[in-house]
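Visitor: I am new to reading structures. Could you take me through this one, feature by feature?

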Amino acid sequence: MDNNHQTGSAGWRSPSNIALVKYWGKYGKQLPQNPSISFTLSQAFTETIVRYESLGYEQDKPLVDFYFEGKPNEAFKMRIEDFLKTNINEFSKLKELHLSIESRNSFPHSSGIASSASSMSALALCLCSIENQMTETVSNQDEFLKRASHLSRLASGSACRSVYPKVAAWGSSSSIPNSDNLFAVSLTNIHPVFDDFHDDILIVSKEEKSVSSSIGHSLMNGNIYAESRYRQAEDHTQQIYSALQNGDLRSLGKIIEDEALTLHALMMCSDPSFILMKPNTLEMISRIRRFRKNSELPVYFTLDAGPNIHLLYPDSCKNDIEGFIERDLLSLCEDGNIIKDQVGSGPIEINSFSL
Ligand code: DP6
């Protein structure tokens with residue numbers, strides 16, 4: 001290979017994830033104030049293919065062309081350039097590259113689903129593959145994913161958990177061996193009930209969020225409850241991890257609902273304050289709790305930093321929950337929109353788009 005003029009490409013499909021213990025608050029260079037744990041999803045994913053050409057000379061940042069779903073997209077291009085420029089020293093060959101990036105999501109852009117976890121992890125995985133190609137390195141799978149998780153984190157914190165199958169944890173916690181603030185780790189000794197756990201995303205509103213995650217995280221700095229929140233997240237991490245190992249759905253369910261409501265409570269008492277739940281979010285929560293009480297089925301909700309409900313339940317309840325959604329929840333979703341997702345097996349390498 002002519003080392004002054006290398007060309008090639010890399011492609012990855014990477015999924016979104018849903019946090020059970022929430023990352024909310026960061027410091028320094030994208031370091032989390034508390035540990036978080038998430039399910040990696042399967043149906044909500046991004047596919048990214050990066051073509052690269054080495055220009056043979058260095059610049060302060062790589063040249064980037066960015067196409068989202070076939071069309072040039074300036075806003076995404078700027079976010080990616082900013083990430084690459086800030087982290088230029090992570091990957092020395094980057095300075096010489098012209099990158100042509102094309103990305104597609106399996107879910108509609110304005111569906112109320114945050115795409116940064118899937119899109120930034122897909123991009124980071126492509127960059128790691130390119131790095132290996134250019135330096136002719138064959139890293140083992142564990143090292144490769146650790147590096148991809150590290151780079152994903154620098155682009156968007158929650159993205160670092162998406163590179164692993166099923167369940168991942170990010171942030172150092174006394175209850176998780178090898179956990180680290182710099183990258184996520186895979187949690188492997190998980191009870192089989194979670195292998196095909198469901199996450200139905202009930203779209204209450206497709207509107208773009210009124211507060212970005214970055215602003216939300218920064219508001220934790222002045223929040224008077226911050227320190228007790230970080231302690232609570234550490235306790236929840238330990239409790240959720242043990243519920244995940246034992247298949248204890250009731251303990252898991254109680255904590256994930258606590259986590260969702262705490263996240264929104266923190267936003268409501270920050271300065272300025274934000275209320276991201278909508279009336280239909282609250283109505284759904286009360287219907288879910290009523291249904292759970294009457295049916296005694298292990299079905300629980302969580303929320304991201306937005307109004308949409310994630311309904312979590314084991315596969316054994318699938319038929320009952322389908323009926324419950326049709327009867328009681330569908331009419332509260334915007335345009336009857338639901339994205340049915342499940343715990344998934346993590347990113348895969350691709351040569352062409354499937355979307
Ligand atoms: C509420 O990962 O989007 O979804 O690091 O600023 O990109 P940045 O934030 P981001 O925050 C996600 C917050 C959350 C909880 C979670 O996924 O843990």
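Visitor: In what order do the 4 strands of the open sheet come?

Guide: First, a word on the source. This is a predicted model, where local features need pLDDT of at least 70 and side-chain atom pairs count only at pLDDT 80 or more, while totals for chains, interfaces and linings use all residues. Residues are numbered from 1 along each chain as its sequence is written, and side-chain values use heavy atoms, leaving out hydrogens and water. Now the terms. Strands (E, at least two residues) and helices (H or I, at least four) are DSSP runs, numbered from the N terminus. Two strands pair if DSSP finds at least two bridges between them. Here the order is S11-S12-S10-S13, with antiparallel pairing.

Visitor: Which strands stand at the edges?

Guide: Strand S11 (300–303) and strand S13 (338–342) do. Each has a single partner strand, so one side of each lacks a neighbour in the sheet. S11 pairs with strand S12 (residues 309–313) over 4 bridges, in the antiparallel sense. Look at Leu303: its bridge partner in S12 is Ile309.

Visitor: Which helix lies across S11 and S12?

Guide: Angles run from 0 to 180 degrees between N-to-C directions; axes are lines fitted to C-alpha atoms, for helices over the stretch in contact. Contact means heavy atoms within 4.5 Å. H6 lies across both strands, at about 30° to S11. Helix H8 (residues 318–329) also packs on the sheet and touches strand S10 (198–202), S12 and S13.

Visitor: Which residues of H5 are exposed, on its other side?

Guide: Buried means under 20% relative accessible area, exposed over 50%, partly exposed in between (1.4 Å probe, protein chains only). Glu227, Arg231 and Asn246 are exposed. The buried residues include Ala226, Tyr230, His236 and Leu244. Those buried residues pack against strand S1 (7–21), strand S4 (36–54), strand S8 (167–170) and helix H6 (249–268). After H5 comes Gly247, with a positive phi near 70°.

Visitor: How many disulfides does a search of the whole structure find?

Guide: A disulfide is a pair of cysteine sulfur atoms within 2.5 Å. The search finds 0. For Cys128, the nearest cysteine sulfur is that of Cys126, 9.3 Å away. Cys128 counts as buried, at 1% relative accessibility. For Cys317, the nearest is that of Cys333, 19 Å away. Cys317 is buried too, with a relative accessible area of 5%.
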